[in-house]
Amino acid sequence: MTMTLEELHAIVSGGEDAQVEFKRTTGQRSDAAKAVCGMLNGAGGYVFFGVSDTGDVQGQEVTAGTLEEVVRE
């Protein structure tokens, strides 16, 4: 499923809730995994990396090292 930038901003503008979680970087993978588990036991949802707790879409530079870290866990 592909999400447009407009769709992302529409979801993010609603803030965090039981189905939407923001993580500033992939360094927060452990917390994101906990959120995903909760969502899987509920109605589903989204975890967005590159979004601050206040809903500011900052993005994240993804390097080969970032991908290797994600794969290792």
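Serine 52 is buried, with a relative accessible area of 11%, and its place is in the loop between strand 2 and helix 3. The model in which this residue sits is predicted, and the chain averages a pLDDT of 92, with 99% of the residues scoring at least 70.

**Confidence**

- Confidence in the chain is highest in strand 1, at a mean of 97, and lowest in helix 3 (residues 64–72), where the mean is 83.

**Strands and the unit they form**

- Strand 1 (residues 20–23) and strand 2 (residues 46–49) run parallel, and 4 bridges join the two.
- Within this pairing, phenylalanine 22 of the chain stands opposite phenylalanine 48, which belongs to strand 2.
- Helix 2 holds alanine 32, a residue that is buried, because its relative accessible area of 4% falls under the 20% limit for that class.
- Alanine 32 is in contact with Lys23, Val47 and Phe49, once its neighbours within four places in sequence are left aside.
- From alanine 32 to phenylalanine 48 the C-alpha to C-alpha distance is 8.8 Å, while the two residues are 16 residues apart in sequence.

**The nonpolar core**

- The largest nonpolar core has 6 residues in all, namely Leu8, Val12, Val20, Phe22, Phe48 and Val51.
- At least two residues of this core come from helix 1 (5–12), and at least two come from strand 1.
- In soluble globular proteins, nonpolar side chains tend to be buried together.
- Phenylalanine 48, a member of the core, touches Met3, Leu8, Ile11, Val12, Val20, Glu21, Phe22 and Lys23, when residues up to four places away in sequence are not counted.

**Lysine 23 in strand 1**

- Lysine 23 is found in strand 1, and it counts as buried because its relative accessibility is 9%, which is under 20%.
- Apart from neighbours within four places in sequence, lysine 23 is in contact with Gln28, Asp31, Ala32, Val47, Phe48, Phe49, Gly50 and Val51.
- Lysine 23 and glutamine 60 lie 37 residues apart in sequence, and their C-alpha atoms are 10 Å apart in space.

**Loop residues**

- Threonine 26 has its place in the loop between strand 1 and helix 2, and at 13% relative accessibility this threonine counts as buried.
- The side chains of threonine 26 and glutamine 60 are joined by a polar contact of 3.0 Å.
- Leaving aside neighbours within four places in sequence, threonine 26 is in contact with Phe49, Gln60, Thr66 and Val70.
- Serine 52, in the loop between strand 2 and helix 3, is in contact with Phe22 and Gln58 when neighbours within four places in sequence are set aside.

- Arginine 72 and methionine 1 are 71 residues apart in sequence, and the distance between their C-alpha atoms is 25 Å.

Note on methods: Residues are numbered from 1 along each chain as its sequence is written. This is a predicted model: local features need pLDDT of at least 70, side-chain atom pairs count only at pLDDT 80 or more; totals for chains, interfaces and linings use all residues. Side-chain values use heavy atoms; hydrogens and water are left out. Two strands pair if DSSP finds at least two bridges between them. Buried means under 20% relative accessible area, exposed over 50%, partly exposed in between (1.4 Å probe, protein chains only). Contact means heavy atoms within 4.5 Å. A nonpolar core is a set of buried Ala, Val, Leu, Ile, Met, Phe, Trp, Tyr and Cys residues joined through side-chain atoms within 4.5 Å. pLDDT is the predictor's confidence in each residue, from 0 to 100. A polar contact is a pair of N or O atoms within 3.5 Å; within protein, one must be able to donate a hydrogen and the other to accept it, and residues adjacent in sequence count only if both atoms are side-chain atoms.
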